[in-house]
Amino acid sequence: MTILVTGATANIGRKVVDHLLELGATDIRALTNNPRKAALPAAVQVAEGYLRRPDTLPAALSGVERMYLAPTPDSVTEVLALARAAGVRHVVDLSGEPESWWGSVCTAVEDSGLAWTHLWPGDFMENTLIWSRQIRETGAVLEPRPDAASAPIAMDDIAAVAATTLLSDTHLGRAYPLAGPEILTRTDLVRHLAEALGRDITFRQSTREDTIAALTPTMGDTATWYVDNVLTSFDVPPQALPVTSVQDVTGRPATTFARWAADNAPRFTAD
């Protein structure tokens with residue numbers, strides 16, 4: 001059974017490859033647009049191609065039965081048509097609820113006629129890395145809403161769920177909202193980072209404009225979109241957030257933010 005992992009050198013796709021290997025998969029094909037720099041494990045077949053250039057995909061899709069689909073809304077319909085023509089049977093997609101930013105991916109997968117499993121992650125723990133420059137240079141984090149809450153999830157846990165669902169028909173036709181094991185406010189996140197880094201970090205409530213200014217050196221033009229769309233989205237009532245999905249699928253507890261912060265502390269101190 002050949003499994004194609006798209007976006008195999010990206011943040012989540014690369015981890016999907018590792019988890020598939022850990023689970024005993026032996027026929028993994030990894031899609032990358034630069035095979036020479038991919039540095040993938042020797043046991044993995046490397047295929048050259050790019051989801052945003054569907055004409056590069058036919059050879060990579062040949063003989064594939066299952067596929068992890070990274071989110072590329074602009075080309076997803078064409079990619080899925082090629083996958084169906086190649087005989088792909090099951091797609092595990094990283095997407096979101098139909099009304100969300102990545103909802104068009106979820107809808108396109110269902111419309112393709114292929115068997116599917118949807119993975120709908122919320123806030124990524126890795127998103128806190130956008131604070132790294134502020135923390136290094138000022139010892140503070142600027143945001144408008146200290147009490148905004150989410151249940152952030154580690155990308156490694158998303159990848160573990162993806163790998164598990166790729167290897168079993170048990171998950172066909174299921175949509176899994178993915179969240180971490182705790183509801184945390186923005187000040188909770190800063191507190192955990194301070195403990196992991198062994199230094200004082202202050203949360204400073206700021207205006208929209210000051211927040212954008214603080215994030216722009218790290219995020220560039222994306223900072224405005226992030227402040228106006230992502231930071232305003234942490235309004236889901238905490239009791240409505242799913243917090244057991246990772247353990248339900250993989251059988252192991254999801255990573256806590258404190259553990260993630262400790263493991264990733266060097267990423268907040270390096271330039």
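1. The range itself comes from UniProt, where an unreviewed entry lists residues 7-94 as "domain: NAD(P)-binding"; UniProt positions are given in the numbering used here, feature names are shortened, and annotations may be inferred rather than shown by experiment.

2. On the basis of the values, this is a predicted model, in which local features need pLDDT of at least 70 and side-chain atom pairs count only at pLDDT 80 or more, while totals for chains, interfaces and linings use all residues. Residues are numbered from 1 along each chain as its sequence is written, and side-chain values use heavy atoms, with hydrogens and water left out.

3. Helix H7 (residues 186-197) packs against helix H11 (residues 257-269) at an angle of about 65°, with the axes 8 Å apart; axes are lines fitted to C-alpha atoms, for helices over the stretch in contact, and angles run from 0 to 180 degrees between N-to-C directions. The crossing of H7 past H11 is right-handed, a term used when the near helix is turned clockwise from the far one by less than a right angle, anticlockwise being left-handed.

4. On the H7 side, Leu189, His192, Leu193, Ala196 and Leu197 make the contact, and they meet Phe257, Ala258, Ala261, Ala262, Ala265, Phe268 and Thr269 of H11, where contact means heavy atoms within 4.5 Å. By class, this contact of H7 with H11 has ten nonpolar, two polar and no charged residues; Ala, Val, Leu, Ile, Met, Phe, Trp, Tyr, Cys and Pro count as nonpolar, Asp, Glu, Lys and Arg as charged, and the others, Gly among them, as polar.

5. Leu197, found in helix H7, counts as buried because its relative accessibility is 19%, given that buried means under 20% relative accessible area, exposed over 50%, and partly exposed in between (1.4 Å probe, protein chains only). Not counting residues up to four places away in sequence, Leu197 touches Ile135, Ala265, Phe268 and Thr269.

6. Thr128 lies in the loop between strand S6 (115-121) and H5, and Thr128 counts as buried because its relative accessibility is 4%. Leaving out residues up to four places away in sequence, Thr128 touches Leu189, Leu193, Phe257, Trp260 and Phe268. The C-alpha atoms of Thr128 and Phe268 are separated by 9.3 Å, although the two residues are 140 residues apart along the chain.

7. Turning to charged pairs, a search of the whole structure finds 15 salt bridges, each being a side-chain nitrogen of Lys or Arg within 4 Å of a carboxyl oxygen of Asp or Glu. Side chains of opposite charge can pair when their charged atoms come close.

8. One of these salt bridges joins the side chains of Arg89 and Glu65 (3.1 Å, N to O). The pair links distant parts of the chain, 24 residues apart, with Arg89 in the loop between helix H3 (76-86) and strand S5 (90-94) and Glu65 in strand S4 (residues 64-69). Arg89 counts as partly exposed at 33% relative accessibility, and Glu65 counts as partly exposed at 25%. A network of salt bridges links Glu65, Arg66, Arg89 and Asp169.

9. In helix H5 (residues 132-138), Glu137 and Arg133 lie four residues apart, about one turn of the helix, and their side chains meet in a salt bridge (3.2 Å, N to O). Glu137 counts as exposed at 54% relative accessibility, whereas Arg133 counts as partly exposed at 35%.

10. Gly96 is found in the loop between S5 and helix H4 (103-111), and Gly96 counts as buried because its relative accessibility is 5%. With residues up to four places away in sequence not counted, Gly96 touches Trp102, Gly103, Cys106, Leu119 and Trp120.

How values were computed
Helix = DSSP H or I, 4+ residues; strand = E, 2+ residues; numbered from the N terminus.
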